[in-house]
Amino acid sequence: MFKTPRGTVDILPDDQPYWRHVEAQATELCERFGYRRIDTPIFEESGLFVRSVGEATDVVEKETYSFSDRSGDSMTLRPEATAGVCRAYLQHGMHVLPQPVRLYSVSAPMFRYDRPQAGRQRQFHHVNVEAIGDPDASVDSEVVELAWRFFAGVGLRNLTLVLNSIGDQACRPGYLEALRRYYEPLVPGLCADCKRRFHENPLRLLDCKKESCQPHAREAPRSLDHLCEACRAHWDELTASLDLVALPYTVDHRLVRGLDYYTRTVFEVLPPAEGAQSTLGGGGRYDGLIEQLEGRPTPGVGFACGVERIILNMKRQGVTLAQQAPVKAVVAYVGGAAKGPALKLASDLRAAGLSVVLAPAGKSLKAQMRFAGALQASYVLIMGDDEVRDGTVTLKEMAGGEQRQVPVADAATTLEPRWVL
RNA sequence: GUGGGCGUGGCCAAGUGGUUAAGGCGCCAGGUUGUGGCCCUGGAGAUCGAGGGUUCAAUUCCCUUCGCCCACCCCA
């Protein structure tokens with residue numbers, strides 16, 4: 001039997017209310033903040049991600065779904081949204097629009113070839129926002145605020161917002177150097193992963209979860225202490241702005257992010273239960289990215305969060321949502337002569353705006369009633385020989401049990417004032 | 001890629017080295033003529049993940065494999 005591929009899931013009807021809620025919330029909020037919806041392809045030329053996300057990152061190095069298409073071009077299922085949105089910004093000349101260009105996506109499928117576990121799948125979905133074309137810290141502040149409001153809006157509580165600045169091209173090299181100098185003598189005492197990190201990506205030394213490495217990370221040089229003047233000013237304005245709008249952020253000097261393109265601002269939102277896969281969403285500024293993609297130097301800042309993780313946490317926090325409303329009426333019928341009229345009646349009622357289902361064929365009336373009961377239909381309309389002969393239909397209200405005959409032509413209008421209930 | 005746990009009908013789930021592998025939910029049908037929800041009765045549905053081995057005999061023991069879950073790595 002065929003099954004969903006590893007790391008993928010079916011989003012079944014019972015779960016759809018969560019998705020709809022998250023999507024509706026995201027859409028409303030983004031548009032309230034002046035963002036406009038964009039959808040980009042779920043696959044792009046492989047080079048786009050190599051150039052943007054970074055060749056040496058895990059995401060690109062070992063997690064991409066890549067394939068050559070029939071013409072031999074290398075394509076990659078997108079592992080994140082920013083690269084594609086920036087590509088679209090360039091491709092469509094959005095630099096002529098008023099800057100920054102604010103764009104959002106909702107439930108955009110992403111793909112990473114990871115080993116699945118709680119809150120981690122190979123196909124997952126992002127809510128994503130990007131504000132491209134404005135270096136000002138007020139835009140960073142806006143994106144952080146939008147992210148924060150979004151989580152509150154979907155019903156999540158007790159979240160943590162962590163914030164940091166990792167500098168830019170001017171000051172990052174100096175910071176990395178300081179970091180290396182600090183860690184060099186410590187390398188022998190580090191865990192195996194950190195030994196590797198020391199060489200591959202020293203920034204990551206900071207967020208090692210190992211007990212033995214924690215003290216080193218805590219005492220490590222802080223990027224905030226190594227910011228150049230411009231980055232410092234940007235950071236100061238950002239924090240001041242967040243204070244103004246009363247966002248309860250926590251500065252975490254060990255916050256770094258996994259994609260190479262971030263500059264200055266980085267932030268994450270974490271759920272209350274610390275542990276694996278705790279990141280609900282994250283983002284930051286990427287002032288060098290567009291240039292990497294062969295555009296004119298253009299600043300940008302964005303945020304992405306995982307819909308699956310949001311829903312996981314909504315469930316953990318007991319957020320409940322109403323299921324899709326059951327069908328209002330079932331049309332049942334007895335005898336072959338009634339089938340046509342029943343089908344016609346169901347059609348007419350639907351045309352009148354009522355949600356209606358025709359009972360399955362070949363069942364006794366009893367079975368059809370059970371069917372209607374199982375669907376939680378409010379009404380059953382029964383069509384039989386008598387009704388066909390008289391041009392009527394028997395209307396039964398399931399809740400109270402009372403029923404009466406009404407002319408078929410009046411069925412819709414008879415129900416209309418009541419189906420609101 | 002590394003480590004750990006688990007795999008019994010659609011779902012949940014008991015169970016034993018040996019006749020027809022419990023039960024619950026769900027599904028289907030019936031409980032007299034064209035009527036639901038409760039209740040009652042009956043029914044369908046499992047080669048006990050797969051392959052191999054041990055044994056007179058394995059769902060139950062061993063090996064392998066696949067799958068799922070959890071954790072690491074990394075990230076959403």
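This is a predicted model: local features need pLDDT of at least 70, side-chain atom pairs count only at pLDDT 80 or more; totals for chains, interfaces and linings use all residues.
Residues are numbered from 1 along each chain as its sequence is written, chains are lettered from A and ligands numbered from 1 in the order in which they are written, and side-chain values use heavy atoms, with hydrogens and water left out.

**Overall build**
- Chain A carries 15 helices and 16 strands; these are DSSP runs numbered from the N terminus, with helices being H or I of at least four residues and strands being E of at least two.
- The radius of gyration comes out at 28 Å, whereas a compact globule of 421 residues would sit near 22 Å (taken over C-alpha atoms; the globule rule is 2.2 Å times the number of residues to the power 0.38).
- Along its principal axes, the C-alpha trace covers about 95 × 50 × 45 Å.
- Take the contacts in chain A between residues at least 6 apart in sequence: 69% of them join residues at least 24 apart (contact means heavy atoms within 4.5 Å).

**Surface and charge**
- Of the 421 residues, 49% count as buried (buried is under 20% relative accessible area, exposed is over 50%, and partly exposed is in between, with a 1.4 Å probe and protein chains only).
- Chain A exposes about 20,700 Å², and carbon and sulfur atoms supply 51% of that (Shrake-Rupley method with a 1.4 Å probe; for residues, only the protein chains shown count as cover).
- There are 49 positive and 53 negative side chains, with the centres of the two sets 6 Å apart. Lys and Arg count as positive, Asp and Glu as negative, and His and the chain ends are not counted; each charge is placed at NZ of Lys, CZ of Arg, CG of Asp or CD of Glu.

- The Gln99 to Pro100 peptide bond is cis, with omega near -5°, and Pro100 sits in the loop between helix H4 (82-91) and strand E5 (101-111).
- Glu294 isn't a glycine, yet has a positive phi of about 70°.
- Gln376, another non-glycine, has a positive phi of about 60°. You'll find Gln376 in the loop between helix H13 (365-374) and strand E14 (379-383), exposed with a relative accessible area of 58%.

**Cysteines**
- Searching the whole structure turns up zero disulfides (a disulfide is a pair of cysteine sulfur atoms within 2.5 Å).
- Cys86 has its nearest cysteine sulfur, that of Cys30, 16 Å away, and Cys86 is buried at 0% relative accessibility.

- Thr82 lies in helix H4 and is buried at 6% relative accessibility. Leaving aside neighbours within four places in sequence, Thr82 touches Asn128, Glu130, Tyr261, Tyr286 and Leu289.
- Thr414 belongs to helix H15 (residues 411-419) and is buried with a relative accessible area of 15%. With neighbours within four places in sequence set aside, Thr414 contacts Leu395, Arg404 and Val406.
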